[in-house]
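Welcome to my notebook. I wrote these entries while looking things up, one topic at a time.

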Amino acid sequence: GGLALIVIVIAAYAFKTHVYAPSSQEAKGDAGIYTSRPFGVSFIYPKGYYLKERTDVGTPERPQLSVLLVEDTPENRDLVNGVSKDVREGPTAITVDAYPNPQGLSASDWMSKDTNWTIRTSEVMDVTVGTTTGASYRWSGLYEGKSSVVTHGTHAYVFSVTWMTAADPILEDYDTLLTSVAFPS
C-alpha cells in the first residue's frame with residue numbers, strides 16, 4: 001500500500017520534472033527512475049547502472065519494449081551500443097521486457113502460451129513485483145538466471161536477471177528493482 005504510493009508519487013514527480021526521450025536513459029548521481037507511458041511500467045534502478053531502452057524489437061502488430069540494465073562501465077556501454085571491437089559475451093544484466101497481452105491472461109496462462117518458458121530449471125513459484133502477483137522461475141545458460149512474469153492491463157512483463165555467483169550484488173539490485181515497480185494508468 002504505502003510503498004506503492006511512494007513509488008507512484010516519485011515516478012510522477014520524475015516524469016513531470018524531466019522530459020524523457022524514447023531512447024536510452026541513464027542514471028546520473030543517485031538512483032534512476034524509468035517510466036514508459038506506452039507500455040505502462042515504471043521502476044527505480046540503482047546508481048551505477050547504464051540503461052538502454054529499445055522499442056524496435058517487436059512488430060507494428062505486436063509492439064514490444066526491451067530495457068537492459070548493465071553495470072555502467074565504458075566497456076559495457078560499448079558492448080550494449082554495438083561499438084565494441086571485442087568479440088565476447090555480454091555482461092550480466094537486469095532486463096525488463098513488455099509484451100502484448102490483449103486477452104488479459106494471468107502470468108501463468110500467458111507463460112503457457114509460449115514455448116520459451118520450457119527452459120526453466122526450477123518449479124514456477126509465486127512472486128510479487130511491486131504490488132502485483134505473478135510467477136517466477138530459474139533457468140541456466142551462459143549465466144545463471146531468474147525471471148519474474150506479471151501481467152497488468154494489456155501487457156505481460158518479464159523481469160530477468162543474470163549472475164555469475166550467488167554473492168553478486170546484481171541479485172540484490174534486481175530484488176530492489178522488483179519492489180519499486182509500478183504500473184501507472
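**Entry 1: a leucine and its surroundings**

In which helix is Leu-79 found? I looked it up: Leu-79 sits in helix H2, which covers residues 74–80.

I then followed up on Pro-91, which is 12 residues from Leu-79 in sequence. In space, the two C-alpha atoms are 8.5 Å apart.

**Entry 2: how confident is the prediction?**

I checked the confidence before going on. The chain has a mean pLDDT of 83, and 81% of its residues reach 70 or more. Where in the chain is confidence lowest, and where is it highest? The lowest mean, 37, belongs to helix H1 (residues 2–17), while strand S4 (residues 65–71) has the highest, at 97. Residues 1–29 have a pLDDT below 50, and I noted that this stretch has 35 contacts in the model beyond near neighbours in sequence.

**Entry 3: salt bridges**

How many salt bridges does a search of the whole structure find? The search finds five, and I wrote up some of them.

- I found Arg-54 paired with Asp-56, with 3.0 Å between the closest N and O atoms. Arg-54 counts as partly exposed because its relative accessibility is 39%. Asp-56 has 55%, so I marked Asp-56 as exposed.
- I found Asp-72 paired with Arg-77, and here the closest N and O atoms are 2.6 Å apart. Asp-72 is partly exposed at 30% relative accessibility, and Arg-77 is partly exposed too, at 23%.
- I found Arg-138 and Glu-144 joined by a salt bridge of 3.3 Å, N to O. Arg-138 has a relative accessible area of 34%, so I put it down as partly exposed. Glu-144, at 26%, is also partly exposed.

Strand S7 covers residues 132–140 and strand S8 covers residues 144–152. They run antiparallel, and six bridges join them. Three residues lie between S7 and S8 in a hairpin.

How many bridges pair S8 with strand S9? I counted nine, again in the antiparallel sense, with S9 covering residues 155–163. For Val-150, the bridge partner in S9 is Tyr-157. S8 and S9 also form a hairpin, this one with two residues between them. In the turn I noted Gly-153, which has a positive phi of about 60°.

**Entry 4: helix H4**

Last, I tested the length of helix H4, which has 12 residues (residues 169–180). At 1.5 Å a residue, H4 should span 16 Å. The end C-alpha atoms are 17 Å apart, so the two values agree.

Which residues of H4 are buried? I wrote down Ile-170, Leu-171, Asp-173, Tyr-174, Leu-177, Leu-178 and Ser-180.

Technical notes. Residues are numbered from 1 along each chain as its sequence is written. This is a predicted model: local features need pLDDT of at least 70, side-chain atom pairs count only at pLDDT 80 or more; totals for chains, interfaces and linings use all residues. Side-chain values use heavy atoms; hydrogens and water are left out. A salt bridge is a side-chain nitrogen of Lys or Arg within 4 Å of a carboxyl oxygen of Asp or Glu. Buried means under 20% relative accessible area, exposed over 50%, partly exposed in between (1.4 Å probe, protein chains only). Helices (H or I, at least four residues) and strands (E, at least two) are DSSP runs, numbered from the N terminus. The expected span of a helix is 1.5 Å times one less than its number of residues. pLDDT is the predictor's confidence in each residue, from 0 to 100. Contact means heavy atoms within 4.5 Å. Two strands pair if DSSP finds at least two bridges between them.
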